[in-house]
Amino acid sequence: MNASPGEEQAGRTAAIVPAAGRGERLGPGAPKALRTLGGIPMLVHAVRALASSRVIDLVVVAAPEESLDAVTAMLGEHSFAADVTVVAGGDTRQDSVARALISLPADIDIVLVHDAARPLVPEQVVTAVVAAVSAGHPAVVPALPIVDTVKEVDEEELVVCTVDRDRLRAVQTPQGFDRTVLQRAHAESDLGMTDDAGLVEALGIPVLVVPGHEEALKVTRPFDLIVAEAIVARRRASGVL
Ligand code: CTP
Ligand code: MG
């Protein structure tokens with residue numbers, strides 16, 4: 001049974017970090033999660049951001065199968081304010097999340113899913129998501145309004161219409177879920193989705209949006225690395241990192 005909004009849940013919180021992608025859009029080099037920002041692997045930044053929020057008890061990383069040992073050893077070189085385990089990821093993001101999900105201990109009630117590709121998510125985004133799930137929302141996503149004008153086009157790149165952007169949101173991670181809901185969504189949906197909330201939506205379960213943050217940007221292309229490096233440099237200059 002899900003708690004209704006307002007009803008507090010007891011139990012522990014885990015964060016799954018899908019980090020098994022190849023980072024093809026970033027270009028040649030190490031797997032994306034192992035590429036560095038300010039000399040520190042993106043995956044370490046991401047795990048640190050989750051653990052230092054103090055609202056996460058356990059972080060489960062889904063690593064590329066062939067770099068399982070390397071990732072485990074690399075994470076072992078750092079200390080985190082939460083337990084950290086590593087499992088082998090799958091062929092798609094959804095598979096990687098599913099593999100981590102089945103490895104969770106029984107006493108976990110709330111599960112966050114956070115992309116290693118969003119290494120710099122600010123603590124307040126993590127705590128806001130956990131707070132909303134704890135308050136009884138079965139699924140919670142951080143998101144930002146869209147700043148660009150959005151147009152739909154046809155196959156010939158001719159504009160079909162201009163979309164009303166007021167009700168559009170660009171969705172980020174961590175996404176937070178009641179554990180039972182996320183497990184059901186993964187078990188019952190055979191849709192290929194780019195996020196976990198999409199699977200929950202397909203079940204007709206409401207998904208709440210809370211404010212995201214620009215610094216929770218997803219590192220996808222080389223330009224994003226430049227922005228992320230600048231954020232790290234600014235945080236260091238102000239003594240935050
Ligand atoms: N991911 C994963 N397992 C996969 C594919 C992706 O765990 N089989 C993870 C990535 O490591 C990343 C997150 O899902 O943290 C979001 O994916 P994306 O930004 O697309 O990263 P990549 O798949 O690595 O990049 P690309 O699509 O450019 O290859
Ligand atoms: Mg990908």
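**Helix α2**

I started with helix α2, residues 68-76, in this predicted model. I wanted to know which of its residues are buried. I found Val71, Met74 and Leu75. Why do they sit on the same side of α2? They cover an arc of only 95° around the axis, which puts them there. I noted the general rule beside this: an α-helix has 3.6 residues a turn, so residues three or four places apart point the same way.

I then turned to the other side of α2. Asp69 and Gly76 are exposed there.

Next I looked up what the buried residues of α2 pack against.

**Strand β7**

I moved on to β7, residues 139-145. Is this strand mostly covered or mostly open? I found it mostly covered, with 5 of its 7 residues buried.

I checked the pairing of β7, partner by partner. With β11 (residues 175-178), β7 runs antiparallel, joined by 2 bridges. Ala139 has Phe177 as its bridge partner in β11. With β12 (residues 208-211), I found 4 bridges and a parallel run. Here Val140 stands opposite Leu208. With β10, the pairing is antiparallel over 3 bridges. In that pair I noted Leu144 opposite Ala170.

**Second largest pocket**

Leu144 and Ala170 came up again when I looked at the second largest pocket. Both are among the residues closest to its centre, along with Pro145, Val147 and Gln172. I read off 13 lining residues and a volume of about 490 Å³. β7 and β10 (169-171) each supply at least two residues of this lining. By class, the lining divides into 7 nonpolar, 1 polar and 5 charged residues.

**Largest pocket**

I finished with the largest pocket. Its volume is about 950 Å³. How many residues line it? I found 32, and Ala20, Gly21, Arg22, Gly23 and Arg93 lie nearest the centre. Which element gives the largest share of this lining? I traced that share to helix α3 (residues 93-102), which gives 3 residues. I sorted the lining of the largest pocket by class as well. It holds 9 nonpolar, 10 polar and 13 charged residues.

How values were computed
Residues numbered from 1 in each chain as written. Chains lettered and ligands numbered in written order. Predicted model: local features only at pLDDT ≥ 70, side-chain atom pairs only at ≥ 80, totals over all residues. Heavy atoms only, no water. 1 Å grid on protein atoms, 1.4 Å probe; cavity = no way out; pocket = protein on both sides within 12 Å on 5 of 7 lines; lining within 4 Å. Points joined across faces, edges and corners; volume = space filled by probe spheres on them. Nonpolar A, V, L, I, M, F, W, Y, C, P; charged D, E, K, R; others polar. Buried < 20%, exposed > 50% of the residue type's maximum accessible area, 1.4 Å probe, protein only. Arc of directions from axis to C-beta. Contact = heavy atoms within 4.5 Å. Pairing = 2+ DSSP bridges.
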